[in-house]
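Subject: Structure for you to look at

Hello,

Here is the structure we talked about handing over. Please open it first and then read the notes below it.

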Amino acid sequence: MQHDHLNAPAVVEAIADNVFDLIVVGMGSVGLTTALSAAQGGLRVGVVDPQSFEQLRGGHFDGRDVAISSASMRWLSSLGVVQGLAPDEQSLIRGAWVLDSATEERVALKPAPQEEGIGAFVPEYRLRQEALKVLEQHPSVEFFTEDKVASLLHLTDRTELALESGQHIQARVVAAVDGRRSPLRRELGIGVTQHDYAMTMVCCRVNHTIDQQGWTSQRFVSGGCMAVLPLSAQLSSLALMMPHAEAERVNALGEEAFSDWLQLQLGETLGELSLASRRVSVPLSSHYADHMHRRRAVLLGDAAVGMLPITAHGLNLGLIGGRSLVAELLAARGAGEDIGSEAVLKRFSLRAHATAKPLYMATDRICRLFQREDPFSLQARRMLLQSSGPFGQLIGMNCEQDDPRQVPWIGVLRDLPRTLLTKWMA
């Protein structure tokens, strides 16, 4: 069901006698899939977003080809989201090389023995479009588009949201999925710890002549990092991280000069290449929320954790968070608990912290280490990559567990002895 500010009195009357189980604020990929999972689980869901349906259904390639883990792809498939993607919009990631130009060390990140790959690249805007298409067809979801949350009123067994249109809606649980700057997070009084890396990421697609065989590569170079994300035999997405001044200079280059610059930076890695899309630039920073929940409200996606892209786990953490929340709410409902109670949301919150915090801290430390080139840091970089070799199938698997009520890396630790024994015997 869709509402707008023109029929506010009718809407208020229609919902006066019942309350949403979950209201999701923000209709990005994480918000849409969380709402869809909750609705398919039998919860009554409301969704709020400032954009119109025309804007939400539209969109075009915005420079972001996102890496989605195998477990998240299976979950999205179970929701009916990925089925609408064309074959060339799901690029299998067979493995990943991490290379350090300064030390000439490298490590290969391989799929688990039972997996064909470690995930897939998907255009982020297409993921949103397909999730919305499926969500619109669900009868237990009500949409409040072209609207924003003006204020919250916390009641004993629910939270009331006053929208800018004048409507008032209530929910047992509210999920703030409204982006890195999250107005709802501020309304909840939750602060964040932020880090600025004084870098910009320049994204684009290129045509090339050398097939990467589905293996992505991430090369740390002086002052930054260059990631090659293969989408097909002769098409790749590039994510180029560099200081702000260098990004400004590179973005000022014309298309031919930019292609020449890319050729110089990448050498023969891709063979002959040419620009295949517009360039998109994003300043790089990260943040971590002080709390994952407060008084019948939870944070998801970038509202909770803003990751650096060097580990390619930002969206995966958001998807895991949404899936974990819905699993907790459904389990609580099955046990006869108040799904918005402190006990229920604390279980979700503890699991969210345990999942995200180690990866967030490790990503921050790795980024800072590879920005430094003093002798001590170079030796630390060399030792890090050398020691990572035996764990090639485990690094990056923090998002690979299929049980939504389990902290992912616990499963990784459980499998560690068997994996190391198998590698030693081989």
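**What was found**

Contacts (heavy atoms within 4.5 Å) with a separation of 6 or more are 73% between residues 24 or more positions apart. Please keep in mind that this is a predicted model, where local features need pLDDT of at least 70, side-chain atom pairs count only at pLDDT 80 or more, and totals for chains, interfaces and linings use all residues. Residues are numbered from 1 along each chain as its sequence is written, and side-chain values use heavy atoms, with hydrogens and water left out.

**Overall**

The protein has 12 helices and 20 strands; these are DSSP runs, numbered from the N terminus (helices are H or I, at least four residues; strands are E, at least two). Of its 426 residues, 53% are buried. Buried means under 20% relative accessible area, exposed means over 50%, and partly exposed is in between, with a 1.4 Å probe and protein chains only.

**The cores**

A nonpolar core is a set of buried Ala, Val, Leu, Ile, Met, Phe, Trp, Tyr and Cys residues joined through side-chain atoms within 4.5 Å. The largest one holds 75 residues, and Ile68 and Leu76 touch the most other members. Beyond four places in sequence, the contacts of Ile68 include Met73, Leu76, Ile118, Val122, Leu127, Leu315 and Leu319. Another core, of 25 residues, lies apart from the largest one, and among its members are Ala96, Leu109, Cys203 and Leu284.

How many of the residues of α4 are buried? The count is 7 of 10, so the helix is mostly covered. The buried ones are Ser70, Ala71, Ser72, Met73, Trp75, Leu76 and Leu79. Their cover includes α2, β4 (65-69), β8 (119-123), α5 (124-136) and α9. After α4 comes Gly80, with a positive phi near 85°.

Two packed helices are described by the angle between their axes and the distance between the axes. For α4 (residues 70-79) and α9 (residues 314-334), the axes come within 10 Å and cross at roughly 50°. The axes are lines fitted to C-alpha atoms, for helices over the stretch in contact, and angles run from 0 to 180 degrees between N-to-C directions. The two helices are therefore oblique to each other: under 35 degrees counts as roughly parallel, over 145 as roughly antiparallel, 65 to 115 as roughly perpendicular, and the rest as oblique. At this crossing, Ala71, Ser72, Trp75 and Leu76 of α4 meet Asn316, Leu319 and Arg323 of α9.

**Two residues in α2**

Ala38 sits in helix α2 (residues 29-40) and is buried, because its relative accessibility is 0%. Leaving out neighbours within four places, Ala38 is in contact with Leu22, Leu43, Val45 and Val326.

Ser37 is also in α2. Ser37 is buried at 11% relative accessible area, and beyond four places in sequence it touches Trp75, Leu79 and Val326.

**Two loop residues**

Which backbone angle is positive in Glu146? It is phi, near 50°, in a residue other than glycine. Glu146 lies in the loop between β9 (141-145) and β10 (149-154). Arg295 is not a glycine either and has a positive phi of about 45°. Arg295 lies in the loop between β18 (280-289) and β19 (297-299) and is exposed, with a relative accessible area of 52%.

Regards
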